[in-house]
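Dear colleague,

I am passing on a structure for you to look through, and below it I have written down what was found in it. Please keep the structure open while you read, so that each residue can be located as it comes up.

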Amino acid sequence: MNKLEAMKAFCLTAEYLNFSQAAKEMDVSATMVSRYVKQLEQELECLLLKRNTRKVFLTEAGEQYRNQVKPILKKLNLVDNQIRHLQNEPSGELRISTTAEFGGQYLSPLIALYRKKHPHVRLNVQVDNAPIDLFDDKTDLTFRVAPSLTSSSYIAQKVGQSRLSLWASPEYLAQFGQPQSLDDLAQHQLLFFNHSLRKDQWVFDDNGERRLMKFNWAWSSNSGKLLNESAANGQGIIQAPSYSVARYEIRNNLIEILPQYAVNNLQIFAVYPHKYELSIRVKSFVELAKSYFSEHPIP
């Protein structure tokens, strides 16, 4: 027997003195309501209701039981509503991890908008290019950029898209010439972003086919900002997302080279463990990110 449902069935029947009306309120059959009440009476070993073909009557025991149980059910209903309200109004701490190049440039307005909409959430945003463990209980949500993410161990939702291509400064190209093919790159100063899902390789789109190439890097770093600055200062060629170098491109400090080999579907993902699938804090931030970057596309 579902004790709580049986208590509800009895109290509603006692209120209406009618099994059919109680059944309508509970959205079950009158037979089910009658069964609930009978099971309750059997458990309590006393008669709560008297029935005949026309009417239902409360017994003395039934009246006492109703008077004791009704406030309990009312309190439980109040608690349920309070919890539902909490679920609709996110609160508590939301721990977010993001890369320096993406988060540092594009998350600030999104954070401001989220805090305005959900002031009871405490945001803790860690900016780091180091790999993170989504199962270490220190991160609720992370933003990562990759051509694709496929794993059953986490949920990845696309919030935006960018373009991965090669960049160099006009000064560098004037001094060393512009490469005409991927093979020409071996003759150039190549700066490598060494924390990458691409391991120790650059990735290209060669007529619809994914092509990975490893070169003798002039030097490498785990800081995209440092590499961008260095390339803009004429030190060599980098491979970087267009969102990462947008400000340099606008000022003509960096020029895209070999655009025919660019990866155009570089995805920006919001990634979180399955255990946070029902977290209102995580869901609300991800949904706002999708909406925000839909209205304000990432370069």
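This is a predicted model: local features need pLDDT of at least 70, side-chain atom pairs count only at pLDDT 80 or more; totals for chains, interfaces and linings use all residues.

Residues are numbered from 1 along each chain as its sequence is written, and side-chain values use heavy atoms, with hydrogens and water left out.

**Two helix contacts**

Two packed helices are described by the angle between their axes and the distance between the axes. Here helices (H or I, at least four residues) and strands (E, at least two) are DSSP runs, numbered from the N terminus. Axes are lines fitted to C-alpha atoms, for helices over the stretch in contact, and the angles run from 0 to 180 degrees between N-to-C directions.

The axes of helix 1 (residues 3-16) and helix 3 (residues 30-44) cross at roughly 110° and come within 8 Å of each other. Helix 1 and helix 3 are therefore roughly perpendicular (angles under 35 degrees count as roughly parallel, over 145 as roughly antiparallel, 65 to 115 as roughly perpendicular and the rest as oblique). On the side of helix 1, the contact (heavy atoms within 4.5 Å) is made by Lys3, Glu5, Ala6, Met7, Ala9, Phe10 and Thr13, and on the side of helix 3 by Val33, Tyr36, Val37, Leu40 and Glu43. Sorted by class, the residues of this contact are eight nonpolar, one polar and three charged, where Ala, Val, Leu, Ile, Met, Phe, Trp, Tyr, Cys and Pro count as nonpolar, Asp, Glu, Lys and Arg as charged, and the others, Gly among them, as polar.

The second pair is helix 6 (residues 108-117) and helix 10, whose axes come within 10 Å and cross at roughly 130°. Helix 6 and helix 10 are therefore oblique to each other. In helix 6, the residues Pro109, Leu110, Ile111, Leu113, Tyr114 and Lys117 meet Arg281, Ser284, Phe285, Leu288, Ala289, Tyr292 and Phe293 of helix 10. This contact of helix 6 with helix 10 has ten nonpolar, one polar and two charged residues.

**Buried residues**

Buried means under 20% relative accessible area, exposed over 50%, and partly exposed in between (1.4 Å probe, protein chains only).

In helix 4 (residues 60-88) we find Leu73, which counts as buried at 13% relative accessibility. Leaving aside neighbours within four places in sequence, Leu73 is in contact with Leu4, Met7, Lys8 and Cys11. Val69 is also found in helix 4 and is buried, with a relative accessible area of 5%. Not counting residues up to four places away in sequence, Val69 touches Met7 and Cys11.

Glu41 is found in helix 3 and, at 8% relative accessibility, counts as buried. A polar atom of the Glu41 side chain lies 2.8 Å from the backbone nitrogen of Leu48. Apart from neighbours within four places in sequence, Glu41 is in contact with Cys46, Leu47, Leu48, Leu49 and Arg51.

Ser244 lies in the loop between strand 11 (237-241) and helix 9 (246-250), and is buried with a relative accessible area of 3%. Its side chain makes a polar contact with the side chain of Asn228 (2.8 Å); a polar contact is a pair of N or O atoms within 3.5 Å, where, within protein, one must be able to donate a hydrogen and the other to accept it, and residues adjacent in sequence count only if both atoms are side-chain atoms. Residues up to four places away in sequence aside, Ser244 touches Glu101, Gln105 and Asn228.

**Loop residues**

Most residues other than glycine have a negative phi, and most peptide bonds are trans. Leu17, however, has a phi near 50°, a positive value in a residue other than glycine. Leu17 is placed in the loop between helix 1 and helix 2 (19-26) and counts as partly exposed at 40% relative accessibility. For Glu45, phi is near 60°, again a positive value in a residue other than glycine. Glu45 sits in the loop between helix 3 and strand 1 (49-51), and at 73% relative accessibility counts as exposed.

Lastly, Lys275 is found in the loop between strand 13 (263-273) and helix 10 (280-295), and is partly exposed, with a relative accessible area of 47%.

With kind regards
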